[in-house]
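Q: I would like to learn how to read the features of a model such as this one, going from the sheets to single residues. Could we take the features one at a time, with the general idea before the case?

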Amino acid sequence: MPEKFPAGVFYLMRTEPIPSKRLASSLLLCLCLLAPAARARQSQTPTTPTPAPRQDDSEEVVRVSAELVQTDVMVFDKSGKFVDGLKPEQFELRVDDKPQPIIFFERIQAGTLNEDAQLAAARGGANRNASAASGDGVVQPLDRGRSLIFFVDDLHLSPPSASRARTTIQRFIDDEMKQNDEAAIYSATGQVGFLQQMTGDRTVLRAALSRVKSNAVSLRDADRTPMTEVQARAVEQNDLQVTEYFVTQLLREFPNLGRESALNTVRARARTLMQQINRVVFNTFVALEHAVRNASALPGRKLIFFISDGFMLNVEDAQVRDRLRRITDAAARSGVVVYTMDARGLTSGMPGADERVVFDPAAQLVRIGGSSEVRAMQEPLHTLAAETGGRALLNTNSLDLAVTRALKETSVYYLLAWRPEAVEARGGNAKFRRIEVSVKDRPDLQVSVRRGFYTTPPPPLTRPKDAKDRKGAADAAATTTPPAKSIETELFDAVKATYPRNALPTSLALGYVNAPNLGMVLTASIDIEGESLSFTGGKDGKTAVADVIGAVFDDQGKLVRSSKHELGISPTALEQRNDGRRVIYSVQYRLMPGLFQVRVAARDRTSGRTGSAMQWVEIPDLKEQRLALSSIFLGERTNEAQAEQTAADGSTPGVMLSADRRFARTSWIRFVTYIYNAAASGTPAQMDVALQVQVFRDDQPVITAPLRKVDTTGVTDLARIPYAAEIPLETLPVGRYVLQVTAIDRAAKSSASQRVNFIVE
């Protein structure tokens, strides 16, 4: 391991021969990260050519145009079982109470390649089988997995309920989350912070979950006779019995107040309380709509679990209806289904020992208390689920089982699409369209469908301003031309984006090692698709220039490291690569132990196309003296390379480290890792560290190598024991896999594992 790291180069170890017929062996190899096609130099502000128009990376599920509008539907029988085998002629679709002919119909299994292709076909896109078929015409699974968001309504969540919510989510992470699933934990207050992101990394999700706690706002005033949310709404709705109770109580306390004054005071008190309630609900809805709309960048259908204790909602209020419609529209455009959950579980509605209870000898408040109050607080949960095509999971203490059932019943659905009216295609003011779907002659079946969408997306939901502010903002927007963005600004925008940009295909691979005299060194390998770059210049002097930035953030979102480079790429150098189409550039960062996210962005200077990628990594603390492994570094050896003659010393050529981790079935994977803090038993030669290699697909092992003792013969630095091997891929079907390496120190009776994802195509 060199003590200095030239830009773009990172040598792991010396190359020695690797037997092709053995799965694992204690051999050394070299994975060189230097891409011959790329040269790095200090970045300077260049003259920026006019960028070519770029197509928006995001694509809404709902398209109101001359193409098709789609909606997904689930149908259940009385026992809650999905009704399979239905035909398009059995469905009746109505938009604003007008029957609509169904142009497209398909039964879809969520989380597959077929789902992505069928959704594109329902929007009038490409043939749905074109991308789903392999070379021999057989449809291959993508193993994409599910996308889930746990939205914790911490503004309406008591401390005991927050604890139950954490337990429920923790059980999903530990027991229900599958190999290719992605999940996120959101909160209404944003307390999860930087960790509020979609990820398949369980470590990140556990760290995000640890930040979830109750932020419930106490909405009861300080008056001697406390007024609840339900009671305040009853007063606002002129409930005479409830109003009379509070007027009587107030007059007992202040007999000289006068009845009219007491009545006005009670009504003002209720109005103030309802305004406070509405503000808190508004904040919850803004955060929820933001989460739903952000999910549009994810493929397929997404499931959001909205976890709350419930709250008061006046659905007759125009502003409330608008907010619900915005969330419904966002769900339709993003392909989101919302399942609501009452975190209180089974409850009788009786007040807790720490709650103030009013004295009600005449039982004037009984009618709206107890179970009636519970139902009133759950009413918004019913409404939110019904409007977005989901279900309300209420009155159960087994929230984790409810999550399991929800995942199962949303795994299959019907996709319907129809052609919108011509007037809608021409745009204009946003109008909310109501959707109804039923199964003909089957009133016993329950149909879950999103209940509407806007013909054009509504503007972002913000806090209302007075008329003067609104007019000033509108005038400014109409007269101000946004300034052109600089290259650096566009790159930083891409780095900060919620989801990666893909106009310029860019991949990222992370790997850390403990380097002598340097400590933990993290290598970020950035892979840019060379075929997407724009080459300019003369016949012999064609080049493409890509600007690349990298940023390392800690788990609080604080920037701890950054880099900026300019890459000059020539077609000749690019063709010298084995595949002739990848540009790989690597940069190193020295880091302390902790959880970090690396974000990178690349921009083609000629076309202006931008791509980005992000990945999490946890750097262990080796000072704790626990057995640990470095990252697993992957490279690919093709069958053509297998035929190469070995060097005079018997070694074979090294292979290029793969940043996108996509390998052909005809090739072999080479991997290397280091073992740290292995215990010595007597002498170094008596070290007893065994290692096992496994390959998983869908959490099931498809390759398991025998447990094998690591040979330390010739290893001079026992603080860093290398292990390298290669795996043939010809027996693995196309799909997503996980390579897991487990080291077992039999002397210290400890173990450590490391995993890395890869794709066989």
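Q: In which sense do strand 18 and strand 21 pair, and over how many bridges?
A: Strands of a sheet pair through backbone hydrogen bonds, either parallel or antiparallel. Here strand 18 and strand 21 pair in the antiparallel sense, over nine bridges, where two strands pair if DSSP finds at least two bridges between them, and where strands (E, at least two residues) and helices (H or I, at least four residues) are DSSP runs numbered from the N terminus. One of the bridges joins Ile526 to its partner Tyr585 in strand 21. This is a predicted model, in which local features need pLDDT of at least 70 and side-chain atom pairs count only at pLDDT 80 or more, while totals for chains, interfaces and linings use all residues. Residues are numbered from 1 along each chain as its sequence is written, and side-chain values use heavy atoms, with hydrogens and water left out.

Q: How many residues of strand 21 are buried?
A: A residue is called buried under 20% relative accessible area, exposed over 50%, and partly exposed in between (1.4 Å probe, protein chains only). Strand 21, residues 582–590, is mostly covered, with eight of its nine residues buried. For the whole protein of 761 residues, buried residues make up 50%, and the protein has 14 helices and 34 strands.

Q: In what order do the five strands of the open sheet lie?
A: The order is 9-8-10-11-12, and the pairing is parallel. Strand 9 (182–187) and strand 12 (392–393) stand at the edges with a single partner strand each, so one side of each is left without a neighbour in the sheet. Within this sheet, strand 10 (residues 302–308) and strand 11 (residues 336–342) pair over seven bridges in the parallel sense, and Ile307 has Met341 of strand 11 as its bridge partner.

Q: Which residues line the largest cavity?
A: On a 1 Å grid over the protein atoms alone, a cavity is a set of points where a 1.4 Å probe fits but cannot get out, and lining residues have an atom within 4 Å of a point. Grid points are joined across faces, edges and corners, and a volume is the space filled by probe spheres set on the points. The structure holds three cavities of 30 Å³ or more, and the largest contains about 50 Å³ of space. Its lining includes Ala509, Leu510, Thr523, Phe633 and Arg661. Strand 17 (506–515), strand 18 (519–529) and strand 25 (633–637) each supply at least two lining residues, and strand 17 gives the most, with three.

Q: Is Arg720 buried or exposed, and with which side chain does its own side chain make a polar contact?
A: A polar contact is a pair of N or O atoms within 3.5 Å; within protein, one must be able to donate a hydrogen and the other to accept it, and residues adjacent in sequence count only if both atoms are side-chain atoms. Arg720, in the loop between strand 31 (708–709) and strand 32 (721–728), is buried, with a relative accessible area of 17%. The side chain of Arg720 makes a polar contact with that of Asp717 (2.8 Å), and a polar atom of the Arg720 side chain lies 2.5 Å from the backbone oxygen of Asn514.

Q: Which residues does Leu209 touch beyond those up to four places away in sequence?
A: Contact means heavy atoms within 4.5 Å. By that criterion Leu209, in helix 3 (residues 202–209), touches Arg166, Ile169, Gln170, Ile173 and Ile185, and at 3% relative accessibility Leu209 counts as buried.

Note on methods:
On a 1 Å grid over the protein atoms alone, a cavity is a set of points where a 1.4 Å probe fits but cannot get out, and a pocket is an open set with protein on both sides within 12 Å along at least five of seven lines; lining residues have an atom within 4 Å of a point.
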